[in-house]
Amino acid sequence: MIAPVASLLDRAGDSLGDFLPQLAGAFVLLVVGLLVARLVGRLVRRGLVAVGLDEFATRWRITDTLVQARLQPSLAGVIGGAVRITLSVVAAFAALTLLGLQLLSQSLNEAVLFLPNLLAALALLLAGVVLAGLARDRVDRFTYQMDFAVPLGQLAQISTLAIFALMAAAQIGVSADILFIVIAILLAGAAGTFALAFGLGGREVARALNAGRFVRGAFQVGQTISVGQIRGTIVAIEPEATVIGTGDGLVRVPNNLLLESMVTIHGTAGPPDRPA
């Protein structure tokens, strides 16, 4: 009875003696790999800061986009963090492989082979977030200059981000049929947005916006005017309406009414600026 137990303990001791060096080696490899990943991430971040990447990001308002995406406000820091995480994952895979776990070896190999695709997908998502923010900023400026009431900036941001998200999904092997369905849904949503924007009172908004260009050329802030039963001082000339301050408060008069109605100017704050 004692002999089998002793033999079993001897075999367990031999197995443990063979496994302990592997465990120690895996632990050392993991610790060293994490330290190297942290060091390389810092070096990448400092190098990118030295070449002026963060200044470029601030100049092009990429920093604001990163903040809106709940990321750190440093593009160099984001890239450095991505490098650190990638090297940490590689070190963890290498440590598990060193343990000699046969059941995990195939899964680890597949994960290592999949890692480049995952990194490419994450890079596309980051680029999509940055470019979507830039697209929204540029389109918002254009629509403001054109006095266009439809939120094209938000639509441009969502569309750009969706395109990069679909590209990222393709990198990680998402079925093309699913991607086509998502694209069709996005196109239908965009069409619905424009239909609602122009269908629900769009004609009146367009009239007011078009009249705003002429109102800014004929009137200016500070003038006292009367239109209908309303008399007051022009406080602001917005794209679609003019704000008039009266004794009872502020009144917003659609710009097209100022062109279609009899308006009396009681005082001026100087000659009106010529329209550009």
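Mentor: S88 is buried, because its relative accessible area is 17%. The cut-offs are these: buried means under 20% relative accessible area, exposed means over 50%, and partly exposed lies in between, with a 1.4 Å probe and protein chains only. S88 sits in helix α4, which covers residues 75–98. Helices (H or I, at least four residues) and strands (E, at least two) are DSSP runs, numbered from the N terminus. What does S88 touch, leaving aside its neighbours within four places in sequence? It is in contact with L34 and A37. Contact means heavy atoms within 4.5 Å.

A word on the model. It is predicted, so local features need pLDDT of at least 70 and side-chain atom pairs pLDDT 80 or more, while totals for chains, interfaces and linings use all residues. Residues are numbered from 1 along each chain as its sequence is written, and side-chain values use heavy atoms, without hydrogens or water.

Now step to A57. It belongs to helix α2, residues 53–59. A57 is buried, at a relative accessible area of 0%. Beyond four places in sequence, A57 touches I62, T63 and L75. Take the last of these. A57 and L75 are 18 residues apart in sequence, and their C-alpha atoms lie 6.7 Å apart.

Next, the nonpolar cores. A nonpolar core is a set of buried Ala, Val, Leu, Ile, Met, Phe, Trp, Tyr and Cys residues joined through side-chain atoms within 4.5 Å. The largest one has 10 residues: V215, F219, I225, V227, I234, I237, I244, V253, L258 and V263. Strands β1 (224–227) and β2 each supply at least two of its residues. A second, separate core has nine residues, and L75 is one of them, along with L66, V130 and L134. Look at I237 in the largest core. Leaving out residues up to four places away in sequence, I237 touches V215, R216, F219, Q220, V221 and T242.

Move on to charge. How many salt bridges does a search of the whole structure find? It finds one. A salt bridge is a side-chain nitrogen of Lys or Arg within 4 Å of a carboxyl oxygen of Asp or Glu. Here R252 pairs with E238, and the closest N and O atoms are 2.6 Å apart. R252 lies in strand β4 (residues 249–254) and E238 in the loop between β2 (230–237) and β3 (241–246), so the pair ties together parts that are 14 residues apart in sequence. R252 is partly exposed, with a relative accessible area of 45%. E238 is partly exposed too, at 26%.

Helix α9 takes up residues 255–260, and L257 is found there. L257 is partly exposed, at 35% relative accessible area. L257 and A211 are 46 residues apart in sequence, yet 8.7 Å apart in space, C-alpha to C-alpha.

Now helix α6. It runs over residues 152–171, which makes 20 residues. It reaches 29 Å from first C-alpha to last, close to the expected 28 Å. That expected span is 1.5 Å times one less than the number of residues. Among the buried residues of α6 are L152, L155, T160, F164 and L166. Just after α6, G173 takes a positive phi of about 90°.

The surface has a nonpolar patch as well. F114, L118, L119, L122, L125, I172, V174, I178, V182 and L186 form it, with about 720 Å² of accessible area together. Helix α5 gives the largest share, five residues. Both α5 (102–145) and α7 (176–199) supply at least two. L119, in α5, is partly exposed at 33% relative accessibility.

Finally, zoom out. The protein has nine helices and five strands. Read along the sequence, the pattern is α-α-α-α-α-α-α-α-β-β-β-β-α-β. Of the 276 residues, 27% count as buried. S88, where we started, is buried. Among contacts between residues at least 6 apart in sequence, 59% join residues at least 24 apart.

Methods
Patches are made of residues with over 30% relative accessible area and no salt bridge: like charges are joined within 9 Å, nonpolar side chains (Val, Leu, Ile, Met, Phe, Trp, Tyr) within 5 Å. Accessible areas come from the Shrake-Rupley method with a 1.4 Å probe; for residues, only the protein chains shown count as cover.
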